[in-house]
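Please consult the sequence and the model shown here.

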Amino acid sequence: MGKRKPVPSAGARGAKSRPKRPKSAKQGAESREENPQLAEQDDEETVDTESRAPEAVQHKKSNGSFQGIVQSDEDDSEDEYDASNGDAPGGTINKGNDCSDETETSCSFHRHVSRIITNEEVKALIKQNSKFKWEMPAVDIPRSKWVGTGETMQEACDDHLHDVKGKLRNHWQHMLSGHLNSRMGFFSLCNSYRDIMHCNKKPFYLKSNGVDSSTMDAYLMHALNHVHRTRDVVIRNDAKLRNDADTEISDDNTYLDQGFTRPKVLFLLPLKSFARRIVKRLIQLSPLQQKNAMGQFKKEFGESDDEMPEHSTKPADFDLLFAGDIDDHFLFGIKLTKKSIKLYSNFYSSDIIVASPLALKRKIDGGEHGKEKDFDFLSSIEIVVVDHADVISMQNWAHLEAVFEHLNHLPSKEHGTNVMRIRPWYLDQHAQYYRQTILLSSYLTPEINALFNGLCFSYEGKIKTVTEYAGVLSKIQLEVRQVYERFDTSSITEADDARFDYFCNKVYPKIQDLDEGGLLLFVSSYFEYIRISNFLKSKEASFCRVGEATSQQDISRSRLWFFEGKKKILLYSERSHFYHRYKIRGTKHLLIYSLPGRKEFYPELVNMLGESENRKCNVLFSRLDLLKLERIVGTSSARRLISSDKSMFVFF
């Protein structure tokens, strides 16, 4: 990425570099006239099709179908300050930071945004010196616990919503009556503003979706509370300035209440059907009315969650996962005003951005039509939620990493921002240390771990789940001798080459000498798929393949050849199994070159040997495969496999 031109007057903090502030409320008001962050400007909006990037919302529609959409509020005074809006008891003003019934010092939001971290703290965060030194039970998550850095987390207090704004609090108490307690555990973690990695979340498409729904509700409630508090601070400060025309704001930190741009929350999701669930629930959890564009949203994202095939031979979780629209290209903004919640708002007038990593990456790169690169709307993101990260890992993880690398940069342009009211940690370029990242997945991968450790730096600390796994061997319906072979590797950078060398020198010669076919060769990554395919070609082996990029015609032909014995080896990738869940008939010998990330796939693959009388199963692994191993054979068995002096193990 090339050098970017910083926003004028947005340099490092200091008396000489910081811009002068207006000396009176009147002068301050003049500088706020076109500020998209200020709530009184939310009363009317026309969608800018360039800023909204309609091709990013749905790239398949290239006929300009969105260009005629114009949005405007029916009530021009909708967002004007109203002290009797229910969020401040008695209409009082708490120094610009409404903490409702609690004092300012007990308000998590105010405490988080008002603290100024030192350069020494920043250096420590970059070095990641903090250790996970405390733990507490993970309620509703079997065999799991939370571990964290920093001060010990306290369990949710009796008054679960003591830290929530009035309107939201009343709405949730009424709407979630009887279910509020199940949301409060994870909500309390989110409300601590620490980075969170929850990689044992039971997804909604597996049989029990209660935990997934409560987790989703919790982070949506946290996001709504954060947006409402942010907006409330700005509104109250505006009111104070209007009420006292002689107010001096040049040296008053009370009025430092904004970022470079308005968007504060980013939801990153893999599929449109997931985005539909999130937005639908967000609207239900908001006390505001949904005002416009819902018809357009339903047209693009589907009507319901229950678009299931009538006579499916696939596993139930597969049908639920891919029910609805599975397009992975969407990007739109959501705007919260005093009375309503609006979809498809201009990015720079939005409070929340909902996107897939693919669409946002294309937007960052300038789109498909050579447009100017524009990602300034990511400069002031304060909460990032990545849900279903395991599904994103089956797409292109590099897109997600690219999005994170473009968060919280200095914007290249001014976007109507009142620079006199920008929080000091934005000017110090410390915004990434105030950003909270919430990573949610049904299982942990090295990529998720690397993202959490390398790109998440909240000064509040970190929290993650630690789980003892029972394994999935009990789900194998056959009596199969499963032989695990461990190969040695000295480092993660050499692991792929070590695995390949072991296969070529130790495993393939045994395969080559066998006359019978029926060998299903499973690989977990596309890199391995290509590498093994090229190797088999070089050996002129009798093989066919089924990968994520294989055409349907070639897939059908390969499966038939393998079943009829015309090809001895079928090379099969995890992504292909994820997207199709084929049952490969004719399998007599299963060779797992690399274990699947999704533990459910292992018994499915082994159970494919059901039609064979002489069943064989071999698995290659190294000490670096502990994360996958423990989900399949169980944590205690995985540790024995890793630490034992022996290199070959058998499971029945």
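## Charges over rings

The charged end of K464 is placed over the ring of F132, 4.4 Å from its centre. K462 likewise lies over the face of F452, at 4.7 Å from the ring centre. A charge sits over a ring if NZ of Lys or CZ of Arg is within 6 Å of the ring centre and within 35 degrees of the ring normal.

## Basis of the values

This is a predicted model, in which local features need pLDDT of at least 70 and side-chain atom pairs count only at pLDDT 80 or more, while totals for chains, interfaces and linings use all residues. Residues are numbered from 1 along each chain as its sequence is written, and side-chain values use heavy atoms, leaving out hydrogens and water.

## Aromatic pairs

The structure holds 33 aromatic pairs. Rings of Phe, Tyr and Trp (its six-membered ring) pair if their centres lie within 6.5 Å; planes under 30 degrees apart count as stacked, over 60 as edge-to-face and the rest as tilted. One of the pairs joins F322 and Y579, which are tilted at 5.8 Å centre to centre with 40 degrees between the planes. F322 lies in the loop between α11 (316-321) and β6 (331-336) and Y579 in helix α20 (residues 574-580), so this pair ties together parts that are 257 residues apart in sequence. Helices (H or I, at least four residues) and strands (E, at least two) are DSSP runs, numbered from the N terminus.

F322 counts as buried at 15% relative accessibility, and Y579 as partly exposed at 30%. Buried means under 20% relative accessible area, exposed over 50%, and partly exposed in between (1.4 Å probe, protein chains only).

## Aromatic cluster

One aromatic cluster is formed by F260, W425, Y426, Y434 and Y459.
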